[in-house]
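Dear colleague,

Please find below the structure that I am handing over to you. I would be grateful if you would look through it alongside the findings set out after it.

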Amino acid sequence: MSTIIKVENLGKSYLIGHQREKYVALRDVLVNKTRQIASKTKNILSGGQLIAGNELEEFWALKDINFEVNQGDRVGIIGRNGAGKSTLLKVLSRITEPTTGRIQLKGHVASLLEVGTGFHPELSGRENIYLNGAILGMSQVEVRKKFDEIVDFAGVEKFLDTPVKRYSSGMYVRLAFAVAAHLEPEILIIDEVLAVGDAEFQKKCLGKMEDVSKNDGRTVLFVSHNMSAIQSLCEKCILLENGKLTQNDLTSIVIPKYLNKFVKNKTFQRSAQNNGNPTIISGEIENKNDIVSIFLAIHTNESKNISIDLRLKDSNGNNIGFGSLGTFCSNQLIELNPLVNDVNFQLSTANLAIGNYYISLDLTLPDSYYYDRLEDCLSFEIARKPEFPSIRVLNQTWGYGSFELPLNRI
């Protein structure tokens, strides 16, 4: 296979400002604001970076990145938040200019990086399909041949002549992915934006990316925090850490190293979603006596009945268990009141093999809609010893035993 992407000594830096607090008079504030406006105007006209503060720091979002990707490869890019994944995709998509190094790309690139990327909000879905085709160098005749496939895949036929600014985030992503996948770019770049869609559509997207790679020889770069999705789609994986490439190998080798090194979460905190949907804003885990207890705080703007789904992974990122409050039994649905709700539950780990485990959580309207989704947000370790010499304790590589994951409200 020929090399289709070659990255050499790639770096991307930003200047960030820090404001040291000090007493200032009102007159000084007004003078400083006037100077800042003049400085920002000058930066905009000259194409410079916008910075604020009286102390400047150079921040390297990417540093000394080197790798090659062959035609037809499916490559996962993983790492913690802030590791540089999205910056790398923006540089590869020519949205952002690199500070150092160079990139060689062979062929057209279609990228889906965030909701809103690539579409003109005032144009209809139909018009945006043709616009994106033109950007990729396709004629109207070529786009027309793919038009029905795109619309069918996205499932937005009813809203084709509606401006896309009226679309929900899920509709937007469905159409954007359908356009990117069907207009035959040589390189397809997809960020975590697919998490906006429902589970069925995510599965459909993964199948389409695998299909265009295997059958059409197109190259796929895929960023996700969902290790199962990475593992099912990508043969190779790149791990970024603090802007540096620390692993570039087979997915089966990189994911266990990532999970065992980075995903060791006992607590987490986050902000509520702007759309007011139920959001897990904090979580904590406690592991004692073969019982894992999970304590969540869930914020919502209005009363809702939801299910909480728990997905359990092993140290290789394999899904090995599923538990739910509400999905299988309607009388277990969680009733949320406006503002913050405390929800606590437990699961038994008595039959799990020793090793590290990772918990992902979903808030859903069962079989219909995802309100919130968290990947690998909590973790725990099983390190039990046999009670008697005759009892064998299995490692994860030996097996997991026979077990279920019933969740019990505390």
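The findings follow, from the whole chain down to single residues.

Overall architecture

Please note that this is a predicted model. The protein chain contains eight helices and 19 strands. It has 410 residues, of which 45% count as buried. Among contacts with a separation of 6 or more, 73% are made by residues 24 or more positions apart.

Nonpolar cores

The largest nonpolar core holds 48 residues, and those touching the most other members are Ile 78, Ile 129, Leu 175, Phe 177, Met 209 and Phe 222. Helix H5 supplies the largest share of this core, with nine residues. There is also a second, separate core of 31 residues, with Ile 285, Leu 310, Ile 334 and Phe 380 among its members.

The pairing of H4 and H5

Two packed helices are described by the angle between their axes and the distance between the axes. For helix H4 (residues 140-154) and helix H5 (residues 169-182), the angle is about 145° and the axes lie 8 Å apart. The crossing of H4 past H5 is right-handed. On the H4 side, the residues involved are Lys 146, Glu 149, Ile 150, Phe 153 and Ala 154; on the H5 side, they are Arg 174, Leu 175, Phe 177, Ala 178, Val 179 and His 182. Sorted by class, this contact comprises seven nonpolar, one polar and three charged residues.

Leu 378 belongs to strand E18. Is Leu 378 buried or exposed? Leu 378 counts as buried because its relative accessible area is 0%, which is under the 20% cut-off. Apart from neighbours within four places in sequence, Leu 378 contacts Asn 265, Lys 266, Thr 267, Phe 268, Gly 283, Glu 284, Ile 285, Ile 294, Tyr 357, Tyr 358 and Ile 359. One of these, Ile 285, is also a member of the second core. Ile 294 is 84 residues from Leu 378 along the chain, yet their C-alpha atoms are separated by 9.0 Å.

Asp 376 also lies in strand E18, which spans residues 369-382. Asp 376 is buried, with a relative accessible area of 6%. Cys 377 is buried as well, at 7% relative accessibility.

Most residues other than glycine have a negative phi. Which residues have a positive phi although they are not glycine? Asp 290 has a phi of about 65°, and Asp 376 has a phi near 50°. Asp 290 sits in the loop between strand E11 (279-288) and strand E12 (291-300), whereas Asp 376 is within strand E18. Asp 290 counts as partly exposed because its relative accessibility is 34%, between the cut-offs of 20% and 50%. Asp 376, at 6%, is buried.

Cysteines

How many disulfides does the model contain? The count is zero. Cys 234 takes part in no disulfide, and the nearest cysteine sulfur, belonging to Cys 237, is 6.5 Å away. That pair does not qualify because a disulfide requires cysteine sulfur atoms within 2.5 Å. Cys 234 is buried, with 4% relative accessibility.

With kind regards

Key:
Residues are numbered from 1 along each chain as its sequence is written. This is a predicted model: local features need pLDDT of at least 70, side-chain atom pairs count only at pLDDT 80 or more; totals for chains, interfaces and linings use all residues. Side-chain values use heavy atoms; hydrogens and water are left out. Axes are lines fitted to C-alpha atoms, for helices over the stretch in contact, and angles run from 0 to 180 degrees between N-to-C directions. Helices (H or I, at least four residues) and strands (E, at least two) are DSSP runs, numbered from the N terminus. A crossing is left-handed if the near helix is turned anticlockwise from the far one by less than a right angle, and right-handed if clockwise. Contact means heavy atoms within 4.5 Å. Ala, Val, Leu, Ile, Met, Phe, Trp, Tyr, Cys and Pro count as nonpolar, Asp, Glu, Lys and Arg as charged, and the others, Gly among them, as polar. Buried means under 20% relative accessible area, exposed over 50%, partly exposed in between (1.4 Å probe, protein chains only). A nonpolar core is a set of buried Ala, Val, Leu, Ile, Met, Phe, Trp, Tyr and Cys residues joined through side-chain atoms within 4.5 Å.
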